[in-house]
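Me: I'd like to learn how to read a protein structure, one feature at a time. Could you walk me through this one?

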Amino acid sequence: MSRPVRPLRRGSRVLAISLALYLVAHWWANRPPSWDPLPPIAYGTRPPVVDASRFETRWPIKHVIFLIKENRTFDNMFGRFPGVNGTTVGIDDGAQRVLTRTPDQLEQDIKHCYKCAIAAWRNGKMDGFSFDLSSERFAYTQMWPGDAPNYWRWAERYVLHDGFFASAQGPSFPNHLYSIAATSGGAHDNPRQDRKLFEEWIKANDRAKTWGCDTMEDSLVVVEDSEGKREEVPPCFDFLTEGDLLTEAGIPWAYYAADYQQNGYIWSAYNAVRHIREDPEIWQRHMFGVDGVMRDAREGRLPPVTWITPRFHLSEHPEYPFCPGENWTTQVINSIMAGPHWRDTAIFLTWDDYGGFYDHVPPPQVDRFGFGFRVPMLVISPYAREGAVLSEPAEFSSVLRFIEDNWGLTQLTHRDRDADNLIEAFDFTQEPREPEPLPLRDCPPPLYDRA
């Protein structure tokens, strides 16, 4: 038999009310800042044709292309490449573990986040990559030469960097911000939101997943200031970017990415920069759909500086097949080689973060944010040294530093001020090399439909 519920005594009621008022006051004092997300804006149609030769440059390079793919470490892709600082054996919690072959498509993504990266790094021990089912199965794997034949061919013919690191210890969002601004605005991780509510919001608004100034109101990202204080803020910043430096100097630039209805829009990094995102004229002058990048490359419409990020299913994110992603990259680079600007172009091809895969080289820790783990970097250009391997520590800000030094721009943060500018990749005394387009692969059917 249940006992009757007795009313609270007066003292208890006062205590309960006081506690409730305290909790409400605490929540109010520490609530996330309210903000109004921006509405979606279509990209521009096509960039105008620009005579890049009229802009004075330090070197013969008149076009820089920064092509960013997804979620691989150096050891995962090039650990078996001859003559590099690679390995075929990893360390898992102090014990050796042979790196087995990475499937072309994983059954699931490997968990990767800021805390995951710190756990994997383990203060430089580099032996904490296995901590859940996905990482236990796939973190300690690597690709064989035939698994990435065109990437290996470019490494043999051009420049491979085995000392290139992601800018941040963490996943995509902070690293893509570093690729345009040499800072993440204090973010270590991707924005957070209630998954169910976010999926409902995406469906209701006919949108793709987004992390920037037009995401749903409940999306927030943790940022850390110079004193280590953390708070949650909207993923919509207002810092100076490389695009701003180029605009100030009168140099045209473009960013190609999936649009707001296509998966992969999360990597449209300028979407998280308010003064660019909120101005339709600026937005449509510089932002373009990635589906048109091959056409624009062949027709000579790429401006002096261009960023390119893929649609999700072609990004090599490991829960999608690798082969179609490599084919897409091949098509993009073949299109650049077939266009009128190949003879004065430098392509910097990299991957945005470690994606959960093992790498054996401890990243230098230059500040609270990174470096992150090593990622592959290929430098492809008619002036690139043939078959060279670079090892001087570098990161995404190094590409920005190359741009800044080439066009006489200033720097953005301590990252690009201190960055190696990758000039060792080039030999400007040699005759420009002729284009070497590569064939596409016959890809196996996908194991899992991720549509």
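Me: How far apart are the sulfur atoms of Cys213 and Cys236?
Reply: A disulfide is a covalent bond between the sulfur atoms of two cysteines. The search counts a pair when the two sulfurs are within 2.5 Å. Here Cys213 and Cys236 form one, with their sulfur atoms 1.9 Å apart. The link of Cys213 and Cys236 is right-handed, with 95° about the S-S bond. This pair links distant parts of the chain, 23 residues apart: Cys213 sits in the loop between helix H7 (195-204) and strand E7 (221-224), and Cys236 in the loop between strand E8 (230-233) and helix H8 (242-248). Helices here are DSSP runs of H or I with at least four residues, strands are runs of E with at least two, and both are numbered from the N terminus.

Me: Before we go on, what should I know about the model itself?
Reply: It's a predicted model, where local features need pLDDT of at least 70, side-chain atom pairs count only at pLDDT 80 or more, and totals for chains, interfaces and linings use all residues. Residues are numbered from 1 along each chain as its sequence is written, and side-chain values use heavy atoms, leaving out hydrogens and water.

Me: Are Cys213 and Cys236 buried or exposed?
Reply: Buried means under 20% relative accessible area, exposed means over 50%, and partly exposed is in between (1.4 Å probe, protein chains only). Both Cys213 and Cys236 are buried.

Me: How many disulfides does a search of the whole structure find?
Reply: It finds 3. Counting bonded cysteines along the chain, the pattern is 1-2, 3-4, 5-6. One of the disulfides joins Cys113 to Cys116, S to S 2.1 Å. Its torsion about the S-S bond is about 85°, so the Cys113 and Cys116 disulfide is right-handed. Cys113 and Cys116 are buried too.

Me: And what is the handedness of the Cys323 and Cys443 disulfide?
Reply: That one is left-handed, because the torsion about its S-S bond is about -80°. Cys323 lies in helix H12 (residues 322-338) and Cys443 in the segment after helix H14 (414-418), so the pair ties together parts 120 residues apart in sequence. The sulfurs of Cys323 and Cys443 are 2.0 Å apart. Cys323 counts as buried, at 0% relative accessibility, while Cys443 is partly exposed at 30%.

Me: Now the sheet: in what order do its strands come?
Reply: Strands of a sheet pair through backbone hydrogen bonds, either parallel or antiparallel. Two strands count as paired if DSSP finds at least two bridges between them. This open sheet has 8 strands with mixed pairing, in the order E10-E9-E11-E1-E12-E13-E6-E14. Strands E10 (287-289) and E14 (388-390) stand at the edges with a single partner strand each, so one side of each has no neighbour in the sheet. Inside the sheet, E1 (residues 63-69) and E12 (residues 345-351) run parallel, joined by 7 bridges. Across that pairing, Val64 stands opposite Ala346 in E12.

Me: Which strands does helix H6 lie across?
Reply: Contact means heavy atoms within 4.5 Å. For angles, axes are lines fitted to C-alpha atoms, for helices over the stretch in contact, and the angle between N-to-C directions runs from 0 to 180 degrees. Helix H6 (residues 172-181) lies across E1, strand E9 (253-257) and strand E11 (305-308), at about 175° to E1. Helix H5 (residues 149-157) lies across E1, strand E6 (159-161), E12 and strand E13 (377-380), at about 60° to E13.
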